[in-house]
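Welcome! Here is a short tour for anyone meeting this structure for the first time. Take a moment to look it over before reading on.

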Amino acid sequence: MAVSITSGSEQTSLGGAAGAVPGRRPAVTLDAATFKRFVLEHLLYTCAKDVRDATAVDFYRAMAHTVRDRLVQRWIATQRTYLEQDVKRAHYLSSEFLTGRSLGLCLINLGLYATAEKMVAEQKLDLVDVLEREGDPGLGNGGLGRLAACFMDSLATLELPAVGYGIRYEYGIFEQRIEDGQQVERRDNWLQYGNPWEMPRHEDAQTVNFYGRVETHRAPDGRVVYSWVDARQVLGVPYDSFIVGHETNTVNTLRLWAARATRDFDLQLFNEGDYLRAVEEKIDTENISKVLYPNDQTEGGKALRLKQQYFFVACSIADIVKHYKRRHVGFERFADQIAIQLNDTHPSIAVAELMRVLVDVEGMDWDEAWSITERTLGYTNHTLMPEALERWSIPLMEALLPRHMMIIYEINHRFMRQVQTRWPGDFDRMSRMSIIDDSGQKYVRMANLATVGSHSVNGVARLHTELVKSHLLPDFYDLWPERFNNKTNGVTPRRWLLYANPRLSRVLIDRLGARWANHDLADLGRLRDMADDAGLLDQLWKVKQENKRDLVRLIQSSMGLTLSPQSMFVVQIKRIHEYKRQLLACLQIISHYLRLKADPSASLTPRTYIFAGKAAAGYAMAKLHIKLINDVADVINRDPEVGDRLKVCFIPNYGVTLAQAIIPAADLSVQISLAGTEASGTSNMKLALNGALTIGTLDGANVEIRDEVGPENFFLFGLRTPEVEAVRAGGYDPNAYIARSPALEQALALIESGFFSLGDPTRFAPIVEKLRDHDPYMVCADFDDYVATEERAALAYEDKMAWSRMALHNIAGASRFSSDATIRQYASEIWNLSPVPVDLDVLAELIRHT
């Protein structure tokens with residue numbers, strides 16, 4: 001659910017003196033009459049509809065095409081500026097781009113939201129309803145893809161030349177339904193009604209090889225030449241979307257690749273009646289870009305995942321080289337003009353692919369090509385979880401990418417000589433650092449490949465970076481300490497505050513002006529000086545209550561569940577994974593329920609617990625956690641003795657749009673991963689920025705958030721990272737913690753009894769058995785402290801003014817976590833990239849020439 005950005009005649013516009021960026025030429029926008037004329041023309045000529053018959057869907061499409069026209073104009077001017085000035089560009093390679101809906105944010109960025117709102121009102125329509133007609137492309141699984149989208153927004157807003165590269169998945173992350181409390185996956189057909197925001201570029205298609213073999217021969221100059229022959233070829237067709245900066249003329253490119261067969265159809269086989277084989281190549285090829293993260297529990301699934309990764313990397317490298325060669329003859333300046341950032345290990349095959357292109361295609365000698373590769377590539381690590389660090393079996397790599405396996409062997413051979421020279425005779429260290437894991441079944445360690453082939457390796461939060469250096473890649477840090485650096489993640493304030501929370505945005509603009517939205521989010525830090533302003537604190541409380549009422553209506557209409565907006569909304573919204581410990585939150589809810597049942601007259605703060613998130617399709621334990629949460633919710637929500645004092649809600653199909661509805665309504669943000677497991681997290685930043693207080697461990701970016709908002713405004717609990725390591729080293733026994741905690745024992749016993757599973761004690765036995773026998777994420781160790789801290793937060797919520805003051809400090813402190821600030825660091829410290837303002841006079845000149 002969204003609310004209007006405008007109030008009466010007031011537009012939340014960031015133009016004019018309040019929002020202008022010093023030294024930046026103001027962006028050009030449309031007047032209301034011209035905008036209306038263009039929308040009506042698209043309604044007639046693009047949608048073939050008379051305005052009298054047009055629906056909200058028709059107006060969405062007409063507006064989308066009108067806005068895209070404006071983006072195209074700016075995009076042409078931007079690309080012409082980049083080309084003529086021969087600027088350095090950043091190229092962001094990511095397997096995920098979770099962009100969310102486009103129209104509303106584009107209207108804000110172009111300064112057209114109020115104009116659009118007025119225009120559709122004249123047609124007896126509500127702009128919010130029109131915006132709801134847009135699909136929500138699920139081209140990501142969570143924080144990784146959302147971060148990539150935030151970064152693209154910031155790059156354009158900061159006028160930094162950049163291109164995003166990824167895959168145009170035909171079906172995104174699955175649509176999640178909850179049936180009988182269980183997650184059921186349905187296809188996410190986000191392209192069902194077309195996508196007005198993309199533009200196919202068939203002329204820029206690239207050819208990608210798989211399988212085949214490698215032949216060698218000597219060139220006349222004596223150089224060994226490698227030829228990849230008998231390969232199966234796939235066509236990569238790019239689809240461009242246009243990323244507009246906030247109130248700038250800059251429009252950068254997001255280029256997503258779709259796999260197409262080089263031969264769609266075998267007419268001879270068709271005429272012979274073999275209809276399936278006639279289209280077999282087309283089906284097999286297009287599976288590459290069919291689904292985001294296919295289940296890789298089978299060998300076929302593993303091969304498809306590797307194909308996806310190489311496919312988009314090969315297309316992107318070829319595209320980058322092609323554009324570079326438009327202005328340059330040799331490759332001497334390649335690393336000075338091109339920066340390539342690998343967003344996690346998925347695109348790390350780029351190390352071998354860039355070497356293949358430079359050595360095999362461009363004819364460079366190895367040392368020169370390696371120097372260029374190292375200076376061009378940067379690697380961002382996003383995880384401390386071993387299972388999330390890509391590794392591929394050598395037989396699969398040799399079959400699928402035979403030339404790349406040869407290159408990786410050569411890279412590793414040279415690297416091992418370097419390690420041996422530095423640490424003679426330290427074979428254990430050599431084994432740990434080797435790109436090839438030959439301790440059992442042989443694998444290629446893709447994180448090691450990315451680290452060896454990049455000039456920069458960064459973590460995404462201060463604690464995470466220290467753990468990368470000390471635990472994940474300590475040998476590499478010993479060898480190259482200068483390569484390692486921290487870039488704490490951030491979120492874009494345009495989507496996650498200005499668009500998602502217009503009520504709060506209006507309050508902030510009234511009090512501080514609009515500079516925070518398009519220039520420096522840290523300007524919100526000035527709120528600290530207003531912490532004793534009773535009028536402001538009252539406004540913050542009222543904004544939160546209105547946002548909660550919006551969410552209550554959304555949940556009522558979509559799920560039929562009635563919630564009380566007067567209760568404290570405790571929110572945990574993120575990917576479902578054991579290390580994120582949704583199970584800990586669920587056990588605390590059961591314990592609280594037992595307290596209410598034991599003493600129905602107890603005066604306890606009413607709570608509403610809200611969960612949302614998807615579990616990977618093949619992750620059985622995470623899916624069982626979802627079932628447990630829903631079964632617990634079903635029992636509690638039906639208990640009349642509890643009533644509105646305790647409700648539990650799992651909202652299905654979490655995505656960007658749903659996040660925009662939940663985050664502004666949250667009172668307490670649950671960030672409870674075991675210390676030392678979460679890389680950063682960004683939901684913690686979004687929630688704090690919208691005035692939620694955090695209950696959390698010292699993990700990921702929580703550490704820095706607590707520093708910024710103040711310890712007194714953060715509900716801290718749980719073991720610290722050194723304590724986790726010490727407990728593990730001493731032999732962690734979860735049963736000892738259970739024995740010391742009557743509340744935990746009672747909660748587990750209630751689950752074991754079948755109370756939440758219709759008398760079936762076996763349904764959740766795997767969960768309880770794992771907790772009692774192993775408990776890898778120390779739920780039992782942190783339980784009592786979490787319960788006590790959550791109760792402390794609930795008591796604090798009773799004091800409205802004190803809570804609002806704490807919320808104010810969270811908004812002010814979270815202002816440090818802007819993706820704009822993070823991108824400025826990437827640009828200056830890794831990419832050596834400078835802003836390039838775009839003048840729309842360039843476009844006028846092009847039109848005159850045309």
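## A word before we start

## A well-covered helix

Let's begin with helix H5, which spans residues 113-122 and is mostly covered, with 7 of its 10 residues buried. The buried ones are Tyr113, Ala114, Thr115, Ala116, Glu117, Met119 and Val120.

What do the buried residues of H5 pack against? Their partners are helix H2 (32-45), helix H3 (56-85), helix H4 (103-109), helix H6 (127-131) and helix H21 (493-499). After H5 comes Lys124, a residue with a positive phi, near 65°.

The largest nonpolar core holds 205 residues, and Phe311, Ile408 and Trp831 touch the most other members. Helix H11 (residues 299-325) gives the most to this core, contributing 12 residues. There is also a second, separate core of 71 residues, and among its members are Ile589, Ile636, Leu668 and Ala794.

Leaving aside residues up to four places away in sequence, Trp831 touches Lys88, Ala90, Tyr92, Leu155, Ala339, Gln341, Ile823 and Tyr826.

## A parallel sheet and its helices

Next, find the open sheet of 6 strands, ordered E20-E19-E18-E21-E22-E23 with parallel pairing. Strand E20 (646-650) and strand E23 (714-716) are the edge strands, each pairing on one side only. From one strand to the next, the twist averages 20°. Within the sheet, strand E21 (residues 668-671) and strand E22 (residues 693-696) run parallel and are joined by 4 bridges. Val670 stands opposite Ile695 in E22.

Helix H25 (residues 582-598) lies across strand E18 (568-573), strand E19 (607-612) and E20, and runs at about 155° to E19. Helix H26 (residues 620-637) also packs on the sheet, where H26 touches E19 and E20. The direction of H26 makes about 145° with that of E20.

## How confident is the prediction?

Across the protein chain the pLDDT averages 92, and 94% of the residues score at least 70. Over residues 1-26, however, the pLDDT is below 50. This stretch has 64 contacts in the model beyond near neighbours in sequence. Where pLDDT is low, the predicted coordinates should not be read in detail.

Methods: Residues numbered from 1 in each chain as written. Predicted model: local features only at pLDDT ≥ 70, side-chain atom pairs only at ≥ 80, totals over all residues. Heavy atoms only, no water. Core = buried A, V, L, I, M, F, W, Y, C linked by side-chain atoms within 4.5 Å. Buried < 20%, exposed > 50% of the residue type's maximum accessible area, 1.4 Å probe, protein only. Helix = DSSP H or I, 4+ residues; strand = E, 2+ residues; numbered from the N terminus. Contact = heavy atoms within 4.5 Å. Pairing = 2+ DSSP bridges. Axes fitted to C-alpha atoms, helices over the stretch in contact; angles between N-to-C directions. pLDDT = per-residue confidence, 0-100.
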